[in-house]
Amino acid sequence: MRAAKQILADAAVIAVVGASRDPFKAAHRVPLEMQRHGWRIIPVNPTADKLFGEPVYRSLADIPHPVDLVDVFRPAQDAVEVVRQAVAVGAPAVWLQLGIVSAQARQIAEEAGIDYVEDRCLIVERARAGLTRRS
């Protein structure tokens, strides 16, 4: 399993499940900050049409191209299904944001052989590692 820093360094396209329209929520601020540092953000939300200048998809299965990382801004009980979907679409890694922990989701990821991070914030880890995708 790759370390969080390596997952971010290797990723170019991040699907954000639970991306929010509300600029005051972390589920909006975090993806926007990652986008500003050069990652392509693919929002997944059942009620929005466009976020961060990108079309919004209703589910991971609706995204018409591969993603490198699935970032989860959903409650822990929802994370289990999101990880199942991530496995089904062939995502190589799943990241549960700060405060989200699920032993069952972790087990599903481990059994599928995909990288898994939980209870950590993308932008904190990006800053800590000094990573950017901008050239």
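Which residue stands opposite I14 in β5? Select I14 and look across to β5: the residue opposite is L69.

Before going further, a word on the model: it is predicted, so local features need pLDDT of at least 70 and side-chain atom pairs count only at pLDDT 80 or more, while totals for chains, interfaces and linings use all residues. Residues are numbered from 1 along each chain as its sequence is written, and side-chain values use heavy atoms, with hydrogens and water left out.

Next, select β1, residues 13-17 (strands are DSSP runs of E, at least two residues, and helices runs of H or I, at least four, numbered from the N terminus). Here 5 of the 5 residues are buried, so β1 is largely enclosed by the rest of the structure (buried means under 20% relative accessible area with a 1.4 Å probe, protein chains only). On one side you will find V13, A15 and V17, and on the other I14 and V16.

Strand β5 (residues 69-72) pairs with β1 in the parallel sense over 4 bridges (strands pair if DSSP finds at least two bridges between them). β2 runs parallel to β1 too, joined by 5 bridges, and V17 stands opposite V44 there.

Zoom out to the whole open sheet: its 5 strands have the order β2-β1-β5-β6-β7, with parallel pairing. The edge strands, each pairing on one side only, are β2 (40-44) and β7 (115-117).

Finish at β6, residues 93-96, which runs parallel to β7 and is joined to that strand by 3 bridges. Select A93 and you will see D115 of β7 opposite.

Key. Buried < 20%, exposed > 50% of the residue type's maximum accessible area, 1.4 Å probe, protein only.
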